[in-house]
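Hi everyone, thanks for coming.

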Amino acid sequence: MRKITIAIDGHSSCGKSTMAKDLARAIGYIYVDTGAMYRAVTLFALRNNLFDADDNIDEPRLAELLPSAHIGFELNEETGRPDTYLNGECVEKEIRGMEVSSRVSKISAIGFVRECLVKQQQQMGAEKGVVMDGRDIGTVVFPDAELKIFVTASAEVRAERRYKELLGKGEEADYDEILRNVQERDYLDSHREVSPLRKADDAIELDNSHMTIPEQNEWMLAQYERVVAEFN
């Protein structure tokens with residue numbers, strides 16, 4: 001059976017990564033979380049003190065250091081899902097905290113960062129058989145992807161999901177702060193000059209505000225089966 005490329009884009013905290021991971025596992029495809037890659041660069045910048053007191057980024061220094069930031073994924077045998085590694089260290093927990101979440105949109109807006117990571121992402125998906133999620137997968141990384149999904153949900157629903165996720169991990173969380181962060185990221189992601197978040201013309205939109213995870217997975221699998229049938 002011919003393998004395809006599946007591009008899943010959407011707003012922050014809309015559950016697209018969970019959907020993408022579950023779909024990849026169900027159909028035996030490789031999964032790449034591009035958002036985790038930008039989060040890893042953000043963590044790298046934080047660890048190298050590249051943000052000033054006003055969260056401005058020392059871009060020349062970041063450009064100098066970026067080649068030493070090696071990002072990869074390794075399968076977690078307990079969860080059955082890939083974890084993110086930065087220079088050989090598992091940073092899956094660190095990149096999901098608010099310290100990174102509140103700054104990742106600024107890192108994602110830097111042209112040379114996007115150029116570097118997009119090249120890596122295209123290499124990862126060159127052989128097809130990949131499910132990749134992010135902000136610009138269907139518009140920039142793989143504009144010729146056979147299946148494109150654009151996922152959205154209300155800001156309030158997304159903030160609530162993120163709030164419960166953090167509490168479930170035993171971390172402190174403030175719903176109002178998370179909601180402000182979600183709304184700010186929506187604006188920054190949609191208005192940045194380089195690869196802004198937008199729905200590809202040929203993408204299928206999914207508003208999952210009131211869907212359960214099993215319902216989302218069933219819908220995603222149906223879209224995959226429909227497209228594969230068309231190409232085989």
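Let me begin with a term: two strands pair if DSSP finds at least two bridges between them. Helices (H or I, at least four residues) and strands (E, at least two) are themselves DSSP runs, numbered from the N terminus. Before we look, please keep in mind that this is a predicted model, where local features need pLDDT of at least 70, side-chain atom pairs count only at pLDDT 80 or more, and totals for chains, interfaces and linings use all residues. Residues are numbered from 1 along each chain as its sequence is written, and side-chain values use heavy atoms, with hydrogens and water left out.

Now, the sheets. In what order do the strands of the five-stranded open sheet come? Reading across, the order is E2-E6-E1-E7-E8, and the pairing is parallel. At the edges you find strand E2, residues 30-33, and strand E8, residues 204-207, each pairing on one side only. From one strand to the next, the twist averages 20°; for angles like this, axes are lines fitted to C-alpha atoms, for helices over the stretch in contact, and angles run from 0 to 180 degrees between N-to-C directions.

Strand E7, residues 147-152, pairs with E8 in the parallel sense over four bridges.

Helix H10, residues 213-231, lies across E1, E7 and E8, at about 160° to E7.

While we're at H1, have a look at Lys21, which is found in that helix. Is Lys21 buried or exposed? At 15% relative accessibility, Lys21 counts as buried, where buried means under 20% relative accessible area, exposed over 50%, and partly exposed in between, using a 1.4 Å probe and protein chains only. Leaving aside residues up to four places away in sequence, Lys21 touches Tyr31 and Arg81; contact here means heavy atoms within 4.5 Å.

Three strands form an open sheet in the order E3-E4-E5, and here the pairing is antiparallel. E3 and strand E5 (89-90) are at the edges with a single partner strand each, so one side of each has no neighbour in the sheet. Helix H2 packs on this sheet, touching E3, E4 and E5, with its direction at about 30° to that of E4.

How many bridges join E3 to E4? Six bridges join strand E3, residues 71-76, to strand E4, residues 81-86, and Glu74 stands opposite Asp83 in E4. The two strands form a hairpin with four residues between them, and Gly80 in the turn has a positive phi of about 75°. E4 and E5 pair over two bridges, and Tyr85 stands opposite Cys90 in E5.

Now for the rings. The structure holds two aromatic pairs. Rings of Phe, Tyr and Trp (its six-membered ring) pair if their centres lie within 6.5 Å; planes under 30 degrees apart count as stacked, over 60 as edge-to-face and the rest as tilted. Tyr29 and Tyr224 form an edge-to-face pair, 5.8 Å centre to centre with 85° between the planes. This pair links distant parts of the chain: Tyr29 is in the loop between H1 and E2, Tyr224 is in helix H10, and they are 195 residues apart. Tyr29 is buried, with a relative accessible area of 10%, and Tyr224 is buried with a relative accessible area of 10%.

The rings of Tyr163 and Tyr175 have centres 6.3 Å apart and planes at 85°, so that pair is edge-to-face too. Tyr163 belongs to helix H8 (residues 155-168) and Tyr175 to helix H9 (residues 175-191). Tyr163 is partly exposed at 24% relative accessibility, and Tyr175 is partly exposed at 25%.

Let's finish on H8. Its buried residues include Ala155, Val157 and Leu166, and what covers the buried residues of H8 includes H2 (34-47), H4 (98-101) and H9. Just after H8, Gly170 takes a positive phi of about 80°.
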